[in-house]
Amino acid sequence: MTQPLQPPRRKNPLERTRLPLLPPAKRSRRAHDLTRAAAEGRFALHACESCGTYSYPPREACPACLSDRLVLRDAPDGGELLSATKAEVPADNYFRERAPWSVGLVRMDGGPTVLCFLNPRCRPGDLVRLQLRLDRAGQAVFYAFPAGKGQAMSERELSEDPQWRELGADPQHRRILITDGRNPVLMPLVAALHGAGAGEIIIGLSESWKPFAHRDALAAMDKVTIVPLDLTDERSVIDLARDHAAKIEILINTADYLRPGPLGGASSLNAAREAMERLYFGQLRLAEAFAPVMIARGADGDAGAAAWVNLLSIYAQVHDPAYATYSGAQAAAVALSQGLRAELAKGGVRLANVFAGPTDSEWYQTSAQPKVSQSAIAAALVDALKRGMEETYVGDTAKDLHARKQRNPKALERELAAGLEG
Amino acid sequence: MHADSPLSGFALALATGAVSIVDLTQTLSPDFPTIVMPPELGQSMPVRIERISHYDAAGPAWYWNNISFGEHTGTHFDAPIHWFTGRDLANNAVDTLPTAHMIAPACVIDCSRESADNGDFRLTRDMVLAWEAMHGQITSGSWVLMRTDWSQRAGAAYANLADDGPHTPGPDAEVMRFLVEERAVLGFGTETIGTDAGQGGHFQPPYPAHHYLHGAGRYGLQCLCNLDQLPPMGAMIVAAPLKIQNGSGSPLRVLALVPSSGR
Amino acid sequence: MGPGLRGGRKGYDGVVLAAPVTVPYMRFSIESTAWWVGRALAALSQASGIAHQNFDGFSLASFSTAPDTAIGLTQHFGLSPRFVDFIPMGGASGIVSIRHAARAVQAGDADIVACVAADTNHVNSFRHSLENFSRFSQDAVYPYGTGGPNVSFALIAANYMRKYGAARADFGKIAVAQRSNALKNPHALMKKPLSMEQYMNARAIAEPIHLFDCVMPCAGAEAFLVMREETARAEGLPYARLLSAIERHHAFAQDAIQERGGWVQDIDELYAMAGVRPQQIDVLQTYDDYPVISMMQFEDLGFCRKGEGPDFVRQHDLTIGGSFPHNTSGGQLSAGQAGAAGGHLGIVEAVRQVTGRAEGTQVANAKLALASGFGMINYDRGLASGAVILAGNEP
C-alpha cells in the first residue's frame with residue numbers, strides 16, 4: 001500500500017541526478033482529441049453524432065453505424081473494474097524504472113472498455129471513477145480510482161500513489177517561484193499554495209525601492225522568501241536563476257501589465273511596449289534562464305521540477321478591441337508558451353496557461369460584472385497544477401468568452417467590436 | 001602644449017593635484033529608481049542593458065551590450081524644452097544647447113542637516129540669502145546645487161515613496177523664482193529624483209523648479225552625488241548631455257573641477 | 001461434404017500440404033528478415049526437390065520485411081509467381097495463408113504455393129514491434145507501460161481464473177508438458193527441463209503472468225508447400241490433406257473482456273466440413289502465446305465445454321505419449337516465438353505428425369491433427385482466430 005509523500009531530503013551531492021525519461025508520446029491525430037480534453041481537465045470520449053455511441057480507442061468511423069461524424073463529448077466518468085494487474089517488467093525505460101505499474105480494464109458507463117492506470121486500492125468488480133490526465137509526455141491517459149460506497153478517496157490519499165503523482169504537478173513539498181509579487185493575486189495564491197502543502201515559496205519583487213504592502217505579512221510567514229526580480233531586466237532574471245533555478249520545482253509566472261484602451265489611446269504605444277516587455281519578453285527571459293535547469297530536473301526525486309504556469313488573461317484568446325494592445329501582448333505570451341511547453345516537455349515538465357476573466361483589481365474597475373476574485377484565480381491555478389492541466393478558464397466571463405469563441409469567433413469579434421460584452 | 005597656452009596652467013593644476021576632479025554621477029543601472037508618474041500617464045523607460053555578446057557564440061572575441069533608457073533616467077540633465085514653459089525658446093533642446101553652458105561655476109548650498117530627518121524639507125529664499133551672507137552673492141551663470149546627502153540613501157529610502165507620493169527635499173516656488181529672475185542662475189541641481197521637491201506638484205505653481213528654470217531657458221541636473229566633496233563656491237561643473245535630436249534631457253557624466261584650496 | 005455448410009461452401013477436396021520445413025531458431029539474429037525468408041525458400045526447395053523458380057505461388061507472412069512486401073521479394077529471390085500473398089497477421093497468418101493458397105491451387109490459379117513465415121529478431125526488435133504494432137496499441141496500450149501482450153493477457157488470464165476457477169498450476173501443467181515435448185525437438189530453443197516448482201516460483205511479469213507463461217521472442221522461419229494432391233503424387237512428396245479450415249476476426253465484440261475466441265462461432269463447421277468429431281483428433285497444436293489461451297482453445301475447439309478447461313487439463317497428460325498430445329514440438333512456449341512464424345509452427349508440426357515424419361516428437365499412429373491460430377492483440381484482446389484439420393495421406 002502507499003504511504004503519504006514525505007518532504008524530499010536534501011540531495012546527495014555525490015549521486016547523479018536522475019535524467020528525465022518520458023512515456024511513449026506517439027498518438028494518432030484522432031487520439032489527440034483526448035489530449036485536448038485532458039488538457040482542459042475534462043472527461044470526454046468520442047461520440048457518434050448520428051447514433052450517439054461512445055467509442056474508444058479513437059476511431060475514424062463509428063463502429064456501430066460507420067458515420068464519420070465523431071465528436072469529442074463529455075462522457076460519464078464511472079465504470080466497473082473488470083480485471084487488474086501490475087506490469088512488473090515493462091519494456092519501456094520510463095515505466096521500467098518506476099515499475100510496477102497498476103493497470104486494469106474498466107468497462108466505462110459510456111460503453112467502451114478502457115485499459116487504464118489503476119489506483120492500487122482498486123479490486124476487480126469495484127465501481128471506479130475515471131479521469132483523463134496528461135502524462136509526463138503531455139499525452140492523454142486514463143486513471144481509475146475507487147468510487148464505490150465507502151471507498152471514495154480524498155485528494156491527499158490519491159496523491160500517495162506514485163502513478164497518480166506522475167499525472168499532475170501537485171504543489172505538495174515542491175518549491176515555488178512566483179515571478180511578480182506585485183500581481184494582486186499574490187496573497188490568495190500564497191495562501192492556496194500553503195494550503196496545498198507547498199514547500200518554500202519564493203516571491204520575486206521588482207523595483208524594491210517602491211512600497212510593497214505585503215512585505216510585513218509575508219515576512220511573518222513560514223517558508224516564504226522575497227527576492228529581487230525584475231522580469232524586464234535580463235540581468236535580474238539571470239542573477240536570480242543562478243541562485244534559485246535548481247531549487248524551484250514550480251514556476252508561476254504572474255507577470256502582467258494591463259492598460260485597457262483601444263488603439264490610438266494616450267501613450268498606447270508605450271503601454272503596449274511595456275506589456276510586451278513583461279508578458280512576452282519577461283516570459284522569454286525567464287524561459288532562457290530557468291527552463292534548461294527545470295528540464296534537467298524533471299525526474300529529480302519524488303518532487304522534481306514539475307510545472308510552469310503562466311497566469312494570463314482571457315484577452316490572450318479573445319481579442320477585445322477595448323483591450324487592443326493588451327490582447328496583443330497576452331496573445332504573444334500564449335504563442336511563446338507553446339514553444340516553451342515543447343521545450344519543457346523534454347524533461348516531462350508541464351506548462352499550464354490559466355486564463356482569467358476581468359478581476360476585481362484597479363485596471364478592471366469599469367469592466368462589467370461578473371468579475372472573478374483573486375482567490376478564485378489562485379484556487380483554479382492550484383487545481384490546474386494538481387490535475388496536470390494545460391489550460392483553464394477562470395471566472396464566468398472568461399468561460400463565456402471562451403465558449404463563444406469556440407462557437408463562432410466571427411460573431412464574438414463583431415459583438416465585441418460593437419461593445420456588446422454579452 | 002605651449003607654455004603660453006591658456007590651458008597650460010590648468011593642465012599643470014590637474015597634474016599636480018591643485019585641481020581635482022570629482023565625479024557627481026550615479027552609476028547608470030537598471031535598478032536605480034526612476035521618476036514615478038501616475039500609472040495612467042506615460043512612463044519613462046527604465047535603464048536596460050542587454051547583452052549582445054560576451055566572448056561567446058554571439059561574438060567570439062568581444063563583449064558589448066544594447067542599452068535603452070528614458071531621457072530622464074539616472075544622473076541626468078533637463079533641457080528647457082522638457083517643460084511647457086520652455087517649449088517656445090530658442091536652443092531649448094540638448095542638441096542645440098550652447099556649448100558655453102556645458103562648463104560653469106557652481107554654488108553648493110548645504111541642506112544636509114535639515115534634510116537628514118525631513119523628506120519634506122524645502123529650500124527657501126531666506127536660506128539662500130543667509131548662505132549668500134556667509135559665502136557671497138551667487139554670480140549669474142552659476143549652477144546652484146542643493147546638497148542634501150540624499151544620494152547616500154539607497155532603494156526605498158532614496159525614493160521615499162508614501163501613499164501620497166514621494167517625500168524628497170527640494171526648493172519652494174519663491175526661491176526658484178528668486179534664483180532665476182534675481183540671480184540669473186544657469187541651472188539648479190539636486191541629489192534627488194527631480195529638481196523639484198517630491199511633493200512639488202502641490203506647490204504653486206506646481207513643480208516650480210521646472211516651471212521657472214525651463215521657462216527662462218535654464219537647466220536642471222538631478223540624481224547628483226558627491227556634492228559633499230564640493231566647496232560652497234569655487235568648483236566648476238562640466239555637464240555635457242548627449243546630443244539627442246530635439247532631446248528634452250539625457251543621462252550624462254557630471255564632473256566637478258575642484259581647487260584643492262577650496263576643499 | 002457440402003451438406004450443412006453455410007452458403008453451399010465448398011470443401012478443400014484435393015488440396016494438400018507438403019514439405020514442412022523449419023529454419024532453426026536463434027534467440028537474436030543480426031540477419032535481416034529477408035535472409036530468413038531466403039533460408040526458408042531454400043529449405044522448401046531442398047525438401048521438395050522442386051526448384052524455387054517453379055514455385056508459382058508465394059505467400060509470405062512476416063512483421064518485419066519493411067520496406068519490402070512479398071512482391072519486392074520475388075525479385076530478391078528470383079521467383080516469378082502468378083499468385084502472391086502478403087499476410088502480416090501474426091498468429092493467424094498460417095491459417096489465413098493456407099486458406100488463400102488452397103483456393104488458388106484448387107481453382108488452378110497456381111500449382112505450387114510456397115507458404116513462408118519468417119521474422120528476424122534483433123536485440124531491439126521486440127520494443128520496436130511493440131511501439132508500432134497497431135494504431136489502437138499505439139494510442140491506448142503502449143502508453144500504459146504495458147509493453148506488449150503480457151499485460152493484456154494478464155488481464156485476460158486474471159479474469160478467466162476468477163471466473164472459471166483456473167489456478168496457476170493448471171497453466172503450469174500446460175507449460176511443463178510442452179517443455180517436456182520440446183526436449184525431443186532439436187529445433188526448440190529451450191533445452192532444459194522445466195519443473196512445476198520452477199514454473200510456480202518464477203518471477204512475476206504481470207500477475208498472474210509469470211516468466212514461464214511467456215514465449216521467448218526469437219528469429220526463425222517455418223514454411224510448407226500447398227498444392228493439389230496430384231501434384232504431390234507426381235513429385236513423390238508425402239503430404240497432409242486439408243480437411244477443413246475456419247477463420248474469424250473480431251468475434252464477440254460484446255464480451256467486455258475476452259473469455260472465448262472466434263473459433264466458437266465456426267467450430268461446428270470445422271468438424272462438419274472435415275467429417276470428424278473432436279474425439280477423433282490424434283494430436284492438437286494450439287496457438288500458445290500464453291497457456292491460458294491454449295486452455296481456452298481446449299474449450300473453444302470443442303474438447304470440453306466453456307469453463308471446463310482447468311478440469312480438462314487436470315485430467316489429461318498433455319505430453320507426446322500422453323492421453324491428449326498437445327503442442328508436440330514444444331510450442332512457442334518452449335520452441336520460441338519467431339514472430340509471424342509462430343502462426344505456422346503448429347501447422348508445420350501437424351503436417352509432420354500426420355505424415356509420420358515428426359521423428360522425436362512423433363505421436364504414435366497420428367492420423368488426424370488440428371492446428372489453430374490466434375492473435376493480433378490489437379487492443380484488449382486477440383482479434384484473429386482460425387483452425388485447420390489435417391489428415392495423413394492414408395487415413
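Helix 5 of chain B is covered by several elements of its own chain in this predicted model. What covers its buried residues includes strand 6 (122-123), helix 3 (125-135), strand 7 (143-147), strand 10 (170-171), strand 11 (187-190) and helix 6 (208-215) of chain B. The helix itself spans residues 173-181, and its buried residues are B:Ala173, B:Val175, B:Met176, B:Phe178, B:Leu179 and B:Val180.

Chain B also meets chain A, in a contact that takes 13 residues from chain B and 13 residues from chain A. On the chain B side, strand 2 (48-56) and helix 4 (155-159) each supply at least two residues. By residue class, this side of chain B divides into 7 nonpolar, 3 polar and 3 charged residues.

Turning to chain A itself, the domain assignment gives domain 1 (32-165) and domain 2 (176-417). Their C-alpha centres lie 31 Å apart. The contact between these domains of chain A draws on 8 residues from domain 1 and 9 residues from domain 2. The side of domain 1 of chain A that touches domain 2 comprises 3 nonpolar, 2 polar and 3 charged residues.

Strand 2 (residues 57-61) and strand 3 of chain C run parallel and are joined by 4 bridges, with C:Ser59 standing opposite C:Asp85 of strand 3. Strand 3 (residues 83-86) of chain C shows two faces: C:Phe83 and C:Asp85 lie on the covered one, while C:Val84 and C:Phe86 lie on the uncovered one.

Technical notes:
Residues numbered from 1 in each chain as written. Chains lettered and ligands numbered in written order. Predicted model: local features only at pLDDT ≥ 70, side-chain atom pairs only at ≥ 80, totals over all residues. Domains from an automatic or database assignment. Contact = placed C-beta atoms within 7 Å. Nonpolar A, V, L, I, M, F, W, Y, C, P; charged D, E, K, R; others polar. Buried ≥ 20, exposed ≤ 12 C-beta atoms within 10 Å, placed from the backbone. Pairing = 2+ DSSP bridges.
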